[in-house]
Amino acid sequence: MIRRSITPAVRKLAEDYPVVAITGPRQSGKTTLAKGLFPRHAYTSLEDPDVREYAQEDPRGFLAGFDDGVIFDEVQRTPDLFAYLQRMVDEDSTPGRFILTGSQQFGLQAGITQSLAGRVATVSLLPFDLDEIRSAGRLPERLDAFLMNGGYPPIHDRGLDPSTWYANYVRTYLERDVRQLVNVRDLTQFQRFLRLCAGRTGQLVNLSALGDDAGVSHNTARQWLSVLEASFVIHRLPPYHRNFNKRLVKTPKLHFVDVGLAAWLLGIEEERQLSTHPLRGALFETWVVSEFLKARANAGHPSNLAFWRDRSGHEIDLLQEDAERTMAVEVKAGATVAGDALRGLKQWLELAGEAAGTAMLVYGGSDSQRRSGIEIVPWAELLHDRAE
């Protein structure tokens, strides 16, 4: 089993909390991680109709068989179970006793909020990050091949063709999750909506335009986007809150959590298509954002990421704010760094003043550099050996 970067965070939480919930998209490796970290725990999946029926009809009897630790897979399928878990935890709060997994944020978070608040720690397991792919020996030499593959474990564990796998993933998992979360009468229309979202990755969210192009109302577009976010398909990157006396854009940006899925939805099936695709730069930016998102999630922390854009056209692709400084990241997909590539970061450093932290340009080349106080980082070294 490929060691996941999130392992230390999960182990630590299991030492402190009686319940640990591992969320994340389907096929991100939640079950494999839970079984690997807690081999002595019993395992049961609430996706199994017989198991789910038993848990719903006789929750006390069902839970009575798991006194020594258990992994409940896809626990959001039985929301009534959370109240009974609360009673068991209150009677015996042994750390790491219950490990829950779930691929839909709505159901899992609702159950936690209502019944298990203060008793559970939640982490999100996203698809493989760059270091995990490297450790598996599956890191391609070419950036375009890497972007096409994405980070879902089955593609790397089993060497599957990404185009075939993503086609099955959308049909088997995403569409089923959508039907569980919202009443979608026309899946063809939803598929069109999903592909339109892929065409807007790295762009500001415009619900009206998205709804018009998909043939649905503004409210439906909002609802479907929330479903995709709850299923860990997309991430809405918020605008930075400090304006530095500038008029700011206040609309979030749309990014896919997995760049390979976005590329497939755009119809990219071969590496040569990506090399000349007009959205290659947007896909590269989406991947960089996802790497920082995964770094936060793997450390057990919520996202502290944003982007910055004012109405004069100044923009920084990604900001990461800590207690004292704000790191700024610009993204350029080209293999060389042009003379004006650092202009935005230089403007940011001047504008932010003492609030500015590290300034970084991530690009599609292979040489590390430092110019004018700005770190120039090749794609294959992003976050590698860097403190989170």
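Five strands make an open sheet here, in the order E2-E3-E4-E1-E5, and the pairing is parallel. (Two strands pair if DSSP finds at least two bridges between them; strands, E, of at least two residues and helices, H or I, of at least four are DSSP runs numbered from the N terminus.) This is a predicted model, so local features need pLDDT of at least 70 and side-chain atom pairs count only at pLDDT 80 or more, while totals for chains, interfaces and linings use all residues. Residues are numbered from 1 along each chain as its sequence is written, and side-chain values use heavy atoms, with hydrogens and water left out.

**The parallel sheet**

- Strand E2 (42-45) and strand E5 (120-124) sit at the edges, each pairing on one side only.
- From one strand to the next, the twist averages 15 degrees.
- Strand E1 (residues 19-23) pairs with strand E4 (residues 98-102) in the parallel sense, over five bridges; Val-20 has Ile-99 in E4 as its bridge partner.
- Helix H1 (residues 7-16) lies across E1 and E5 and runs at about 150 degrees to E1. (Angles run from 0 to 180 degrees between N-to-C directions, and axes are lines fitted to C-alpha atoms, for helices over the stretch in contact.)
- Helix H5 (residues 81-91) packs on the sheet too, touching E1, strand E3 (70-73) and E4. The direction of H5 makes about 160 degrees with that of E4. (Contact means heavy atoms within 4.5 Å.)

**The antiparallel sheet**

- Three strands form another open sheet, in the order E6-E8-E7, with antiparallel pairing.
- Strand E6 (203-204) and strand E7 (234-237) are at the edges with a single partner strand each, so one side of each has no neighbour in the sheet.
- E6 and strand E8 (residues 253-256) run antiparallel and are joined by two bridges; Leu-204 has Lys-253 in E8 as its bridge partner.
- H16 packs on this sheet, where it touches E7 and E8, and its direction makes about 80 degrees with that of E8.

**Helix pairs**

- Two packed helices are described by the angle between their axes and the distance between the axes.
- Helix H12 (residues 207-214) and helix H13 (residues 218-230) have axes that come within 8 Å and cross at roughly 100 degrees. H12 and H13 are therefore roughly perpendicular to each other. (Angles of 65 to 115 degrees count as roughly perpendicular, under 35 as roughly parallel, over 145 as roughly antiparallel and the rest as oblique.)
- Leu-207, Ser-208, Leu-210 and Gly-211 of H12 make that contact with His-218, Ala-221, Arg-222 and Leu-225 of H13.
- Helix H10 (residues 162-181) packs against helix H11 (residues 187-198) at an angle of about 105 degrees, with the axes 12 Å apart. That makes this pair, H10 and H11, roughly perpendicular as well.
- In H10, Val-170, Leu-174, Glu-175, Val-178 and Arg-179 meet Leu-187, Phe-190, Gln-191 and Leu-194 in H11.

**The cavity**

- The structure holds one cavity of 30 Å³ or more, and the largest cavity has a volume of about 60 Å³.
- Of the 14 residues lining the largest cavity, the closest to its centre are Gly-150, Gly-151, Val-259, Trp-287 and Lys-294. (On a 1 Å grid over the protein atoms alone, a cavity is a set of points where a 1.4 Å probe fits but cannot get out, and lining residues have an atom within 4 Å of a point; grid points are joined across faces, edges and corners, and a volume is the space filled by probe spheres set on the points.)
- Helix H7 (130-135) and helix H16 (280-298) are the elements that give two or more residues to the lining, and H16 gives the most, with four residues.

Conventions:
On a 1 Å grid over the protein atoms alone, a cavity is a set of points where a 1.4 Å probe fits but cannot get out, and a pocket is an open set with protein on both sides within 12 Å along at least five of seven lines; lining residues have an atom within 4 Å of a point.
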